[in-house]
Structures are given as structure tokens and as C-alpha cells.
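Welcome! Take a moment to look over the model below, and then we can walk through how its chains meet.

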Amino acid sequence: MYVAVKGGERAIDNAHAWLAEERRGDPSVPELSVAQIREQMALAVNRVMAEGSLYDPDLAALAIKQARGDLIEAVFLIRAYRTTLPRFAASSAVETAAMAVDRRISATFKDLPGGQVLGPTFDYTHRLLDFALLAEGLPAPAPGTPAKPQPVPHVTGFLNRDGLIEDAPHSEAVPPDLTREPMELPADRALRLQAITRGDEGFILSLAYSTQRGYGRTHAFVGELRIGQVAVEVDIPELGFAVEIGEVELTECETVNQFKGSRTEPPQFTRGYGLVFGQSERKAIAMSLVDRALRWKELGEDFTGAPAQDEEFVLMHADNIQATGFLEHIKLPHYVDFQAELELVRKLRAEALALQEAAE
Amino acid sequence: MTDALNDDRKGWMSLLAKAPPARLAALMPDLPDHALLRAPEVGAVMVRGRTGATGAPFNLGEMTVTRCSVRLAEGAVGHAWVQGRDKAHALRAAVVDALMQTPESAGLHACVLAPLAAEAELARAVRAGKAAATKVDFFTMVRGEDA
């Protein structure tokens, strides 16, 4: 039964007015500007861009302000905005080997061409609250040394030369796009990577952690983790050649995984891959672990029933906008549905009580 | 257009696209008369990555882009595709692209493109220098077999 009802308009308007007031907070405290969020809450901005699947730091910062710091709500705003944009083109695949690296570390090789570059990392901080930040002020400028920007080769390239690690053969296949066609299972690796890179960081992190604890173990080492700027090149149809139209900050993680060999593959190291918008290190590492766990079938490994190996489980639950939409819809009016439930329970109770009385 | 000319044009279009919009506006405050062939339009480009950095492409996510095309009074046509949603930036970049195909190119190169290129190079070098200062120098303290 469908019952149309009206009402609540005034209540909704007033609720939104109050929301705006609460968002602003105490007016005696200076208002946050979008530029301040973009510059000083950069990792939150990065997360909103990665999960919103749209690289635009100003819009992500605006979304964070509008959402009062609720990052999933901010991702929702970005996702809604991106649906209004015409799609001009797809870029050429970015060349992460040519990345201008801010950070580049390897857990597998101490001495490697290009070196271990720590970059602006939280690692090696003591995680003690820094009360100096309570006071406003400029930090001392970070030291620099004269350096020539030059490309830093990928670690997996060295291993590949000896045939010790599986190859990632070049291809120009057009990848499927889950923003254009509904995701279909089984998904190929390209579709899985798209779903994971825009998936919820917490969900991907927990899945990756579960593989480390034994639910679909993949014995991963971080072969390389790099963060930096990469040029985005697009074929300009009116010109017939490609132009670099901008730069995006990316985090890339390549895992090197122990592999004894299987029915179909010789013993060699295998690989998991993570690539995420912005400085998003935790997400990139987690992505590469989950990517590797999902590859059990093509590598001829056993399915152990682990959640991280289960493509349907991972891909259908990774999107926090789908998840929050379905989860939160149950708070919206279900008066008629519930009325029906109520009727049913009353009837069943009456029948049960009547039977009880008859028995006595 | 020959490949060499195309390479030049690729270079300046990329430089203009990556330039900070405010800096480009400061270097090129006044625009000559032009007709809009395509008014500045905001859209998205799907950025692709490669599996394992070298393998098959996959869709990483979109980025905002503004494009614009103009024609100058003397007939030169300029195009711009620039990252972000700044319509004035796209328009200015398209006009400079058109002007670079006219006899004014030498002057523009000196007054607009060269400073932008130098500033971009400097910013990149400063960042690379900060990264280089965080490069680890390992030194061996005691080797196990010596102990």
C-alpha cells in the first residue's frame, strides 16, 4: 500500500537553518576559509578526492567545510557534483616512473638507485601531542640541498630483469569504467583496481589487515612506496596530439609477495598494486594488499574462504557512498512498512495466545 | 604543421596549463580582441593509471578540466585545456596559444613563457631539494661477523 503524505516543510527548513548555524560554530571564533582547509587539512582533502573520485583540491576543501568535517558526507557531495560534469576525454595512462617524488621508500632494498627519500612523513614522529601547535606561528623552513629533479626508476624493474618477479606486460586495452556501466562480476583486474582506489579507506585497510592476520595471507613486502606529482597528458582532439594539461599528486605502492609457485605459475615473486589520488599512504598500501589477495584465481592459488579473496564481498561493499546510502535510508520514514509488520505481529501474537489458552 | 612545431606547441600549451592562473594573469593582463569558438567550459577528464605501473590501463578517477577555443582578428586559432575550473585561466591560455602562432610569438615567449618556465623549474628544484634533504645516508655501525 502506498500512502502519500505531506508535511514537515517548515520543520525541514528550520532544521537546515540550524544546521548552517551549527556549521559556523561560535561566531566569536574566526571562520575557516576553503583555502585554509585545502592547505592545512591536506590529507583530509586528499581522502575526499580519492574516495570522491574527482581530483580538485578546492572542491574537496569546500565539501569538507560544507559537511562540517564529515568526510563521507564530503565524498557524497563530490560524487554528486562529478555527475554534473561532461566527460571530455580519458588521459593517457600516467607515467609514475617519471614522478617528481616527494617520498620514495623501499622495505626490500636498502641501497637502491634514487635512494630512500623519506619526504614529509609522520613516520619516526613520537605521536606525542605537540602543544606548540596551540600557538599560531610559522614553522622553520625545511632544509633543502641542491638537487636536480630526475626520474627515479621503479624497484620492481630491477627484480624483473632477473625474472624473479612476475611481469606486468604493457597493454593499451581500454579499461572498463564502473562510473559508466554497472559493475559486473567477475570483474577483471582493471575494474577491481578502480573500485578499490575509490573505496572506503577504513574498509580497504581492515581487509588488508585481515590478510596479514591470516585470512588470505599474501606475505607482502612493500617493494616500493612513492608519493609525488605526475603529469596528466590528454589527446586534444582538435589538434591531433597530446598535451600535458596539469599535474596530480599520487601515492603508489607496489608489493612484492612471496610465492612458492602453483599449478600454473613457476616460483617467483608476485605483485600487488596500489595507486591513489593525493598523499594517501595507508590507502595505497592497503589497496596493494587487497589487489594481491583478489588475484588468487589467476595465480592458481586456493580459495580459502577469506573475505579479502572474495571479489563479490570486497567490490560490493567497498563503496562508502553506496554503503551509507543503504545504511542510512532505514532512518527515513517507513511508516507503512512498519504498520504492516505491526499488524502481522499482533495477529501472530493473538493466534499464539489463543492456542496457549486453549491448551490450559 | 610539422612535428617540431607540434612539439613547440605542446610545450607552451602544457606550460600555460600548469601555470598558476594568477601568475599568468599578472604576466598577461590585457587580451587582444578575439572571438570565442568555444566559450570556456568546465568538465572532467578520466585519469588512467597502469597496473603495476607498466601493465594494462585502469581508471583511477576524474579530474576537473576547463577547455576553451578562440580566434584572433587576424585568423589564428588558439586552444586550451587546463586543469581545474578557472574559466579565465582557460581563456587566457587559449589566447596566448593563438598569439604564439602570430609574429608576436617571440615577444610573448620572452615576456610570458620564459618567466613561467623559469618559475616552474625553480619550484620543482626547491621541492626536489627538500626531498633530497630527507634522503637517508646509511652507515654500518658494527657488522655481525666482526663482533
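## Where two strands line up

A:Ala93 stands opposite B:Arg48, a residue of β1(B). The strand pairing here is parallel: β2 of chain A (residues 87–93) and β1(B) are joined over four bridges. Strands are DSSP runs of E with at least two residues, helices are runs of H or I with at least four, and both are numbered from the N terminus; two strands pair if DSSP finds at least two bridges between them.

## About the model

This is a predicted model, in which local features need pLDDT of at least 70 and side-chain atom pairs pLDDT 80 or more, while totals for chains, interfaces and linings use all residues. Residues are numbered from 1 along each chain as written, chains are lettered from A and ligands numbered from 1 in written order, and side-chain values use heavy atoms, without hydrogens and water.

## How the chains meet

In chain B, 53 residues are in contact (heavy atoms within 4.5 Å) with 78 residues of chain A. Eight salt bridges are counted between the two chains, a salt bridge being a side-chain nitrogen of Lys or Arg within 4 Å of a carboxyl oxygen of Asp or Glu. One of them joins B:Lys18 to A:Glu244 (2.5 Å, N to O).

B:Gly43 counts as buried because its relative accessibility is 0%; buried means under 20% relative accessible area, exposed over 50%, and partly exposed in between (1.4 Å probe, protein chains only). Beyond its neighbours within four places in sequence, B:Gly43 touches residues including A:Phe88 and B:Thr64.
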